[in-house]
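Here's a quick briefing to read with the model open beside you. Have a look at the fold first, then work through the points below.

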Amino acid sequence: MDETATLASSHTEMTEMLLPNDTNNLGRALGGAVLHWMDICGAIAGMRFANRQVVTASMDHVDFIAPIEMGEVAIVEGYVFNTGRTSVDVKVDVRAENPRTDETRRTTTSYFTFVALGDDGGPTPVPDLDCPTEDEAALRDDAMEGREEQLRQVVDRYDL
């Protein structure tokens, strides 16, 4: 295992066209389909970073802030922004794109934690995160601040 890996090495972008099987009776994306895409994107980002299989340990609060309409393209993007001893934290953003107009809008953001697995199936160490460019450091800082803000909003919403 390498001792460090870069944020850029984990960057993952997927696209999905929203088809009828993934829509509700309003012709919009089912929340479960969007969560499924986010989990896959996050896992790929984690595997690219750790060079190992990873499993989902947790997903933070999710707000669906805008719908994805049938026929639109969902752009799902993720990257590792923090690490623990055997875990990686991944920010996953979803945007909807109208392929006829190229217009995009943000629809969903969440933060996942994945645990790396060794050959024995148990947790195994992951590399430390390296952000050698200003752009990578800015993405890391943005994700750290975004996660903290999202957690503050959840606490405020539920008066915890």
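Start with H2, where Ala33, Val34, Trp37, Met38, Cys41, Gly42, Ala43, Ala45, Gly46, Phe49 and Ala50 are buried; buried means under 20% relative accessible area, exposed over 50% and partly exposed in between, with a 1.4 Å probe and protein chains only. Keep in mind that this is a predicted model, so local features need pLDDT of at least 70 and side-chain atom pairs count only at pLDDT 80 or more, while totals for chains, interfaces and linings use all residues. Residues are numbered from 1 along each chain as its sequence is written, and side-chain values use heavy atoms, with hydrogens and water left out.

**Helix H2**

- Helices (H or I, at least four residues) and strands (E, at least two) are DSSP runs, numbered from the N terminus.
- An α-helix has 3.6 residues a turn, so residues three or four places apart point the same way.

**Strands around S5**

- S5 is mostly covered, with 8 of its 11 residues buried.
- S2 and S5 run antiparallel and are joined by 6 bridges; two strands pair if DSSP finds at least two bridges between them.
- Opposite Met17 you'll find Val73 in S5.
- S5 also pairs with S6 (residues 87-97), in the antiparallel sense, over 10 bridges.
- Glu77 has Asp93 in S6 as its bridge partner.
- The link from S5 to S6 is a hairpin through 3 residues.

**Salt bridges**

- There are 10 salt bridges in the structure, each being a side-chain nitrogen of Lys or Arg within 4 Å of a carboxyl oxygen of Asp or Glu.
- One of them pairs Arg28 with Glu69, with the closest N and O atoms 3.0 Å apart. Arg28 sits in the loop between S2 (12-17) and H2 (31-50) and Glu69 in the loop between S4 (63-64) and S5 (73-83), so the pair ties together parts 41 residues apart in sequence.
- Arg28 is partly exposed at 34% relative accessible area, and Glu69 is partly exposed at 27%.
- Another salt bridge brings together Asp60 and Arg147 (2.8 Å, N to O). Asp60 is in the loop between S3 (54-59) and S4, and Arg147 is in H3 (residues 134-158), so the pair ties together parts 87 residues apart in sequence.
- Both Asp60 and Arg147 are buried, and a network of salt bridges links Asp60, Asp89 and Arg147.
- Arg157 and Asp63 make a salt bridge too, with their closest N and O atoms 3.4 Å apart. Arg157 lies in H3 and Asp63 in S4, so this pair ties together parts 94 residues apart in sequence.
- Arg157 is partly exposed at 42% relative accessibility, and Asp63 is partly exposed at 31%.

**The largest pocket**

- The largest pocket is lined by 15 residues, and Asp93, Arg106, Thr109, Tyr111 and Gln150 lie nearest its centre.
- A pocket here is an open set of points on a 1 Å grid over the protein atoms alone, where a 1.4 Å probe fits, with protein on both sides within 12 Å along at least five of seven lines; lining residues have an atom within 4 Å of a point.
- S6, S7 (104-116) and H3 each supply at least two residues of the lining of the largest pocket.
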